[in-house]
Amino acid sequence: MSTPATVHRRLKPSPFLPDLAEIVRKDRLTAAETLYQLRLVDGTELGHVPGQFVEVGVFGVGEAPFSISSSPSRGEVFELCIRRVGDVTGALERLGLGARVTVRGPFGRGFPLDAMRGRNVLVIAGGLGIVPLRSLIINLLDERADFGDFTILYGCKNPTDMLFKDEITRWAARSDVDIRITADIADPSWKGNVGPVTTLFRRLTIDPRNTVPVMVGPPVMFRHVVKQVLACGIPEDRIVLSLERRMKCGVGECGHCQINGVYVCQDGPVFTYAELKRLEEAMLR
Amino acid sequence: MIDRVVTKADLLDFLDRLAAERKVVAPVAEGPLVRFKDIGRAAEISDRYLPTALPPSKYLLPPKELLLRFRTDDGVAIEPLFDTGEIVAFGVRPCDLHALALLDAIFIDDKHDGHYLSRREHITLIGVECLEPCDEHCFCASMETLDVPSGYDLLLTDLGDAYYVQIGSSLGKTLVESLGAARDAVYEDRTRLRKAHDSRHAAFTRRLDVTYDQLPALLAESSDSLLWDVLGEKCLSCGACTNVCPTCYCFDVRDEVDLDLEGGRRYRAWDSCQLEEFAMVGTGESFRQPRSMRVKHRFNRKGRYILERYGRQGCVGCGRCARNCLVGINPIEVFNQLKGQPVERTVRT
C-alpha cells in the first residue's frame with residue numbers, strides 16, 4: 001500500500017524558521033485536554049494530510065510536536081487537541097485568544113487516504129489516539145461516497161476521558177458510520193461496553209478482502225489489535241498504524257524519534273504493520 | 001590540478017602569516033590531550049598522532065548553536081541566524097575528514113540545513129594524512145577511513161623535509177597559490193608519496209574481524225545478543241562517547257529568553273541517545289529506557305543505520321569513544337565479540 005510522500009509547505013534556508021499562527025478558538029474538552037483552533041497569520045492554509053503533525057512553539061518556552069486533529073477538507077483554520085503535560089503545553093494553556101504561536105510543518109507521512117478509497121475503513125482509536133484519527137474521520141465523512149463501510153472503535157480508560165463527545169454523538173446519529181465505544185473502567189453513569197478496545201471486535205463482521213484497519217493508541221493496544229486484525233485475515237501491508245515518539249526537530253536530524261534506522265518524523269508517523277514488524281524498537285513497552 | 005610540494009619551513013611561515021590575518025584552528029597539545037584551538041603561531045601546532053579531544057566537527061555543529069532570534073515587543077519578529085565567520089582548520093586527520101563528509105551528506109545534501117551550510121561554506125579544511133596509527137584504540141584501517149579521496153581543500157602528506165600537497169577544491173587552489181614557496185610536484189615526489197602510503201600498511205593493521213560493510217548484517221543478526229545486556233550493566237549512561245564522536249550529531253532544540261522577557265533565542269544543543277530522557281515523550285513514556293537498548297542503539301547507529309541510510313561509514317574508527325569511556329566500553333571489542341560469539345553461544349560474563 002502506498003502512502004503519500006512528505007509534504008513541505010515551502011523550502012526555507014533554516015528548517016527551524018517557523019510560521020506564525022494565531023489562536024482563534026480554545027475549547028476545554030476534559031480536565032487535561034484543550035482543543036485549539038489556529039490560523040496561519042500569513043493567510044495561507046496549512047496544507048496537511050490527515051496523520052501529519054506540526055511543531056508548535058511558544059517563544060521563550062520552546063517547541064513540541066502535535067498531531068493535527070482537523071481535516072484538510074475544512075478550510076483555513078486547523079485544530080490541535082493538546083493535553084497539558086509539560087512546559088510548552090502549559091504555556092499554550094495560559095495563552096488567550098489572539099495570541100501568537102510559532103508553527104513548523106506539516107511534517108511526516110500521513111494516512112494513505114488515496115489507497116483507502118473504495119475500501120471499507122475500520123478506525124481503531126485508543127485514548128489520545130482519537131486526536132490524529134479525528135482528522136481522518138472528518139475527512140472520510142466529508143468524502144463519504146468515496147469509501148465503503150466505515151466503522152470506528154474507540155476505547156478510553158474512563159468515560160470522563162472521552163474526547164470530542166458532542167461530535168461523536170453526531171457521528172453516531174449518522175446511518176453511514178458505525179461507531180462503537182468502550183471504557184476500560186466504568187463509572188455509574190456508563191451504560192456502554194466495558195473492557196479494552198479489543199472486546200469491541202466480538203460482535204464485528206470484518207471483510208478481510210476489502211478492509212483497511214487504521215489504528216492509533218498506546219503500544220499495548222497495538223499489540224492486541226494487530227493480533228485481532230491479522231486473525232481476521234487482513235494482510236500485514238494493509239494494516240495502518242501511527243506511532244508516537246519524541247519528534248523534536250521534525251526534519252529527520254535531531255535523532256530523538258528514531259526507531260532503529262527509521263525517523264518517525266519523516267518516514268512516519270504513519271506506517272504499515274509490514275514496515276514496523278521488522279523494527280524491534282517499534283512495539284516495545 | 002597539479003599537486004604541489006612545500007618545505008616544512010615554508011609551510012610554517014605560511015601558517016604564521018595566515019594565522020596573523022585569519023582565524024586558524026589546529027591541534028594543540030595540552031597535557032595528555034590534543035585539542036583543536038585557535039592558534040596565533042604555527043609553532044603551537046601539535047603533530048602528535050592522537051585524535052583531538054573533541055573532533056573538528058565542533059566548528060560545524062557547535063555544542064550550542066543559535067538558530068533564531070525573536071522579539072515579541074513590537075509585533076513578532078523572527079530572524080534566522082547563520083554563522084559566516086571564516087575559519088581555516090589545519091591538521092584535520094583522515095578519520096575526521098570522513099566524518100565531516102558524512103555530516104555534509106546529511107546536513108547539506110539530504111537536509112539542506114542552512115545553519116550547517118553557512119558554517120561549512122566558511123570553513124577551509126587542510127587535512128594532514130596519518131602515517132602512523134595513534135594508539136591501541138584507533139581502527140581506521142578497518143573502517144577504511146585512512147585514505148581520503150575527497151572532502152578536503154588541501155591534503156598534506158609528510159615526506160620528511162617537506163609536505164606533499166594535494167588540492168581538493170578551487171578554494172584549496174587559491175590557498176596554495178598564496179603559498180608562494182610551493183613548487184609543482186614531479187615524478188620523484190609522487191614516488192615518495194606512494195612510498196609513504198605503502199609504508200603505512202604494516203603499521204595500520206586491521207583490528208576488526210569484519211569489514212565495515214559487513215557490520216550492518218552482523219549488527220542485524222546480533223539484535224538478541226546477551227552482549228547488549230552485559231554492556232548495559234557496565235555502561236553509566238554518561239554520554240561521553242556521543243559527545244566526543246565525530247559522527248554523532250543528535251541535538252535538542254531549546255529557547256532562552258532575554259532579561260526583558262520580550263526577546264530571546266532558539267538554539268540547538270548537543271544531546272545524547274545514551275541519556276534516558278532522549279526518547280521520552282510528553283506523557284512521560286521513555287521508548288529506550290533500558291541501558292542495554294541505548295548501548296545497542298549507539299552501536300547500531302555507528303555500524304549500521306547511518307551506513308544503510310547515507311552509504312557512508314557511521315563510525316570512522318577514531319577510537320575517541322573508547323578513550324573516553326569510564327568503564328572501558330570499546331568498539332573494537334564489541335564488534336569482535338559480536339562476530340566471535342554467535343547469539344546462541346553468547347554467555348553472560
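**Entry 1: burial and overall form of chain B**

I looked up burial in chain B and found that 44% of its 349 residues count as buried. I note at the outset that the model is predicted. I then listed the secondary structure of chain B, which comprises 13 helices and 12 strands. Along the principal axes, I found that the C-alpha atoms of chain B fill a box of roughly 65 × 65 × 35 Å. I also examined contacts in chain B between residues at least 6 apart in sequence, and 71% of these join residues at least 24 apart.

**Entry 2: domains of chain B**

I consulted the domain assignment of chain B, which gives domain 1 as 4-203 and domain 2 as 212-345. Taken over C-alpha atoms, the centres of these two domains of chain B are separated by 25 Å. I found 34 residues of domain 1 of chain B in contact with 28 residues of domain 2 of chain B. On the domain 1 side of this contact, S4, H2 and helix H4 (140-143) of chain B each supply at least two residues. H2(B) provides the largest share of that side, 9 residues. By class, I recorded the domain 1 side as 21 nonpolar, 6 polar and 7 charged residues.

**Entry 3: the nonpolar core**

I next looked up the largest nonpolar core, which has 168 residues. Those with the most contacts inside this core are A:Val123, A:Leu241, B:Val24, B:Ala89, B:Cys140 and B:Val165. Helix H2 of chain B, residues 94-110, gives the most to the core, with 8 residues. I inspected A:Leu241 individually: leaving aside residues up to four places away in sequence, A:Leu241 touches A:Met215, A:Phe222, A:Phe271, A:Tyr273 and A:Leu276.

**Entry 4: contact between the chains**

Finally, I examined the contact between chain A and chain B, which takes 34 residues from chain A and 35 residues from chain B. I found that the elements of chain B each supplying at least two residues to its side are strands S4 (64-71), S5 (77-80), S11 (251-257) and S12 (263-270), together with helices H3 (114-121) and H11 (291-310). S11(B) contributes the largest share of the chain B side, 6 residues. I recorded the classes on the chain B side as 17 nonpolar, 8 polar and 10 charged residues.

Technical notes: Residues are numbered from 1 along each chain as its sequence is written. Chains are lettered from A and ligands numbered from 1 in the order in which they are written. This is a predicted model: local features need pLDDT of at least 70, side-chain atom pairs count only at pLDDT 80 or more; totals for chains, interfaces and linings use all residues. A nonpolar core is a set of buried Ala, Val, Leu, Ile, Met, Phe, Trp, Tyr and Cys residues joined through C-beta atoms within 7 Å. A residue is buried if 20 or more other C-beta atoms lie within 10 Å of its own, exposed if 12 or fewer, and partly exposed in between; C-beta atoms are placed from the backbone. Helices (H or I, at least four residues) and strands (E, at least two) are DSSP runs, numbered from the N terminus. Two residues are in contact if their C-beta atoms, placed from the backbone, lie within 7 Å. Ala, Val, Leu, Ile, Met, Phe, Trp, Tyr, Cys and Pro count as nonpolar, Asp, Glu, Lys and Arg as charged, and the others, Gly among them, as polar. Domain bounds come from an automatic or database domain assignment.
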